[in-house]
Amino acid sequence: MFSISPLRRVLAVLASAAAALLPHLALAQQSGQALTWVVDPEPSSLVPLVTTAGGNTEIGPKVVEGLLTYDRQLQPRPLLATEWTVSPDGLRYSFKLRQGVKWHDGQPFTSANVVYSIQTLKQAHPRGRVTFANVTAIKAPAPDRVELELSKPAPYLLTALASAESPIVPRHLYEGTDVAANPYNSKPVGTGPFVFKEWVRGSFVRLERNPDYWGAPKPAVQQVVVRFIPDAAARAAALESGEVLLGSQAIPLADVERFRKLPNVEVDTRDWPYVGNHVQIYFNLDTPEFKDRAVRLAVAQSVNVAGLIKSVWYGLGTPSASPIGKANPFHDASIQPYGFDIKAAEAGLDAAGYPRRADGTRFAVRLLYNPFVDRRAADYVRQALGRIGIKAEVQSYDFGTYVTKAYTDRAFDIVVENMTNLFDPTLGVQRIFWSKNFKIGLPSNAPHYVSPEADRLLEAAAVEPDAARRKQLFSDFQKVVHADVPSIEIGANPTITVANRRIKDYAPGGEGIRGSFADVTIAPAP
């Protein structure tokens, strides 16, 4: 007998799985019916119910649906709910559900599933505790009716019901189980256009067309194969060759211009307003030097944001001087950058009592960065600080260690962070600037920003049912934050989607690639 090393055994299993998949996939590709899609990183689950880490917010909505979907202006559109009303005081939401819908195992979809799912989201979802905090009762007066009663208005709630944010799961497969450990998080049963078939860890997920989809004759494609390719160069090669037809955030930014010249692919750089990518530089306001607004302003004047975007993001992305980015309907375009002015920065530091010492430096800082942010952004900030005499040491950690260092130990003076705006500022932006959200260990309010006026505006906007008044409250909030300089806002980091030109309508709405793929069509290969 002879033994096989563990590594060779793993490789053999993966090769066998790939070989089994290829004949079926090749046949489907020839008929234009298979969508091959690369997702990175591979998620730990496929349903964004108890976690939104990794790619489950992208894969899950193809199988498990929410009540609503959204256009690029974040206006709600029917999905599992066909009609909805909100009472004038914002305290009652009523939904009429789509009839005749079945789960992929054949069981009927009813209001009982919606009641159970919202109750579960309120308890287990990372943002559900906040989203549904004001919901005091969830009622099902009929199989096709759901009513929510609130203690106070939650104007963001109607935008929080997408498949990637508030998935509706089958009660008969979840009730009475440990929701976090439920096996159907990794082999989902949903109502969506595609049915889960298999997941070979480290290799692929295979979904097949739902023949009983309520939206028939959609979907047009017979199969979706999600590939996991950790190496960026290998992902780029697969997209360029046509082995993979679709990928988001799949290629290095340095390859974008080259891919734009390829005849067989298109590069889509549109922001997804439902996600709201946003990168910012936060000051630790507990650091003695940064308690002084003049010092923070001097640092802000030393960072050439346009230069950072050009050199680090290759001119891609969307700058925003406000913490609410340009893709969000509540963005205030009147907020302007602090201005790149080295002389003013130097003078400001001198006046604040931090002259250059004999070695040319003023003081030293610890500079951290979220590992999901390009390391070169931190290096760019370090060089900018060096020009005005601030010595910055860039400290690099894996994500888990970074979260501990930044939010538990608070062992930083400046951090380059990536906190998405999400679909509404109450959920995406308030967590960062609300003083009551500062808690050791909680990944929010990194600056430890305390402003009674900002708190007042955020709290008022969170319960204001009038859209115009709410927009004004958020505008006033943006002005207060900009004046206080707890952060230097960079803007939306690049969203790069590479799609083979044979594919159409892969991301028609505001959710981008987190949509359902129900509308995707693929032209036959030439």
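Hi everyone. Let's start with the layout: the chain is assigned two domains, domain 1 (32–270 + 497–522) and domain 2 (277–492), with bounds that come from an automatic or database domain assignment.

Before we go on, a word on what we have here. This is a predicted model, in which local features need pLDDT of at least 70 and side-chain atom pairs count only at pLDDT 80 or more, while totals for chains, interfaces and linings use all residues. Residues are numbered from 1 along each chain as its sequence is written, and side-chain values use heavy atoms, with hydrogens and water left out.

How confident is the predictor? pLDDT is its confidence in each residue, from 0 to 100. The mean for the chain is 93, and 94% of residues reach 70 or more. The stretch to watch is residues 1–32, where pLDDT stays under 50. For that stretch the model has 27 contacts beyond four places in sequence, a contact being heavy atoms within 4.5 Å. Where pLDDT is low, the predicted coordinates should not be read in detail.

Now, how do the two domains meet? Their centres, taken over C-alpha atoms, are 31 Å apart. At the interface, 18 residues of domain 1 are in contact with 16 residues of domain 2. Together they bury about 1400 Å², with 76% of it on carbon and sulfur atoms; buried area is the accessible area (1.4 Å probe) that two parts lose on being put together, summed over both. Pro155, Tyr156 and Leu253 supply 37% of the area that domain 1 buries against domain 2, more than any other three residues.

On the domain 1 side, the elements giving two or more residues are α4 (128–131) and α7 (256–260). Helices here are DSSP runs (H or I, at least four residues), strands are runs of E (at least two), and both are numbered from the N terminus.

How many salt bridges run between domain 1 and domain 2? The count is zero, where a salt bridge is a side-chain nitrogen of Lys or Arg within 4 Å of a carboxyl oxygen of Asp or Glu. The whole structure, though, has 26 salt bridges. One of them joins the side chains of Glu346 and Arg362, at 2.2 Å, N to O. Glu346 is in helix α10 (residues 342–351), and Arg362 sits 16 residues away in the loop between α10 and β15 (363–369).

Finally, some backbone details. Most residues other than glycine have a negative phi, and most peptide bonds are trans. Asp40 and Pro41 are joined by a cis peptide bond, with omega about 0 degrees, and Pro41 lies in the loop between β1 (34–38) and α2 (56–59). Another cis bond joins Ala216 and Pro217, with omega about 15 degrees. Leu74, not a glycine, has a positive phi of about 65 degrees, in the loop between β2 (68–70) and β3 (76–78).

Conventions:
pLDDT is the predictor's confidence in each residue, from 0 to 100.
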